[in-house]
Amino acid sequence: MNVTEIVIGIAVVLLVLARQVQKRSVKEDSRPLIFLILAVVGIVEAGSFLKSHPVGSEAILLTVCSLVLAAVFGVIRAFTVRLWREDGKLFRQGNALTIVLWLVSIGIHFGGDTLIDTSAKGLSSSTLLLYLAVTLGVQQIVVRYRATPLSRV
């Protein structure tokens with residue numbers, strides 16, 4: 001992974017964290033394209049890493065487990081997001097616990113690197129955008145599910 005990819009990864013994480021605690025409307029009709037973009041770029045980055053680094057089954061298993069945990073943390077974080085209706089619009093806003101859960105989940109993702117043998121070091125960095133796509137997508141799905149009763153009001 002080169003410096004540019006690291007900077008992009010850090011920038012995306014910081015943007016995601018900042019947006020989690022901002023008051024934002026729940027776009028009841030739209031389907032965010034950001035998850036698809038992150039997933040495609042994440043798959044390309046992971047594929048590029050896998051082409052140039054021999055990776056064993058243990059590393060692949062840990063990466064899959066990390067993506068499953070991404071989904072689990074997405075569900076948990078979705079329940080820390082406050083939902084309310086104001087002036088006919090539906091809003092959402094995360095809190096400090098939402099950020100803590102984000103940091104813990106990203107730490108767990110990168111912690112997998114310490115469990116992987118030296119031939120696969122950097123795998124979690126190369127899968128960060130894919131990880132973000134999964135965890136953000138699941139969180140968004142659950143938030144929208146939770147918002148359904150409020151959207152009928």
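Tutor: The largest nonpolar core has 19 residues; a nonpolar core is a set of buried Ala, Val, Leu, Ile, Met, Phe, Trp, Tyr and Cys residues joined through side-chain atoms within 4.5 Å. Buried means under 20% relative accessible area, exposed over 50%, and partly exposed in between (1.4 Å probe, protein chains only). Those with the most contacts inside this core are Val12, Val13, Leu38, Trp102, Leu132 and Leu136. At least two core residues come from each of α1 (3-20), α2 (34-52), α3 (57-78), α4 (96-115) and α6. Such helices are DSSP runs (H or I, at least four residues), numbered from the N terminus. The largest share, 7 residues, is supplied by α6. A second, separate core of 8 residues includes Val26, Ala78, Leu90 and Val143.

This is a predicted model, in which local features need pLDDT of at least 70 and side-chain atom pairs count only at pLDDT 80 or more, while totals for chains, interfaces and linings use all residues. Residues are numbered from 1 along each chain as its sequence is written, and side-chain values use heavy atoms, with hydrogens and water left out.

Leu38 shows the packing in detail: leaving out residues up to four places away in sequence, Leu38 touches Val12, Leu129, Leu130, Leu132, Ala133 and Leu136, where contact means heavy atoms within 4.5 Å. Helix α6 (residues 128-151) also holds Gln140, which is buried, with a relative accessible area of 14%. Beyond its neighbours within four places in sequence, Gln140 is in contact with Phe35 and Arg92.
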